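Thanks for coming. I'll take a few minutes on one structure, so please have a look at it first.

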Amino acid sequence: MTEEKKQGTYFMLSTETKEKIKVAANENHMSQANAIALMVDAYFENREEEHILLKNTISNLLDEKLAFMKDEMNRIQVATNVIDRDTKIILEFMNHYYLVNKFKNLITTEEFKTNGMDQAEQLVQKRIHKQRKKKLDYERQIELKKQKHSESQE
């Protein structure tokens, strides 16, 4: 601590606080005024460290949560790309089929549903159910890992 021009200031302090200042001054072999200055400086240093620690903690928590979300978004993007590609392929096949056979009208499934269409719908429903089950199992595993991790930290 550098010596600088000091000014007198008077404060009303409790007896307990005065005793603490005396103890700090005696332990550090300095005047009570210097002990107070030392304590004020220490307070501000700790306050900055607490802010940095708080910022780092929040940043780490956000990174952890965002990493999970990023992983989920990547999985969704991959699935979307596959669906988009498959849909475009089907549209190309359907367009070709329609042109080759020179159909004049389109018969919708509302007008007539074939056995093949029923089978396709059932197959798609089974696949959707299977994928949903896989997703739930995966989420359950993630949750169990989180629980084990939190229990081990306690």
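This is a predicted model: local features need pLDDT of at least 70, side-chain atom pairs count only at pLDDT 80 or more; totals for chains, interfaces and linings use all residues.

Start with helix α1, residues 15-27. Does its length agree with its residue count, or disagree? At 1.5 Å a residue, 13 residues should span 18 Å, and the end C-alpha atoms are 18 Å apart, so the two agree.

Now its sides. Which residues of α1 are buried? They are I21, A24 and A25. Looking down the axis of α1, the buried residues fall within an arc of 100 degrees, so they line one face of the helix. What do the buried residues of α1 pack against? The partner is α2, residues 32-100. On the face turned away from the buried side, α1 carries the exposed residues T15, E16, K20, N26 and E27.

Just after α1 comes H29, which takes a positive phi of about 50 degrees.

L54, I58, L62, L66, F68 and M69 make a nonpolar patch of about 580 Å². One of them, F68, lies in helix α2.

With a relative accessible area of 38%, T57 is partly exposed. From T57 to M69 is twelve residues in sequence and 18 Å in space, C-alpha to C-alpha.

That's all from me.

Terms used: Residues are numbered from 1 along each chain as its sequence is written. Side-chain values use heavy atoms; hydrogens and water are left out. Helices (H or I, at least four residues) and strands (E, at least two) are DSSP runs, numbered from the N terminus. The expected span of a helix is 1.5 Å times one less than its number of residues. Buried means under 20% relative accessible area, exposed over 50%, partly exposed in between (1.4 Å probe, protein chains only). The arc is that of the directions from the helix axis to the C-beta atoms. Contact means heavy atoms within 4.5 Å. Patches are made of residues with over 30% relative accessible area and no salt bridge: like charges are joined within 9 Å, nonpolar side chains (Val, Leu, Ile, Met, Phe, Trp, Tyr) within 5 Å. Accessible areas come from the Shrake-Rupley method with a 1.4 Å probe; for residues, only the protein chains shown count as cover. A salt bridge is a side-chain nitrogen of Lys or Arg within 4 Å of a carboxyl oxygen of Asp or Glu.
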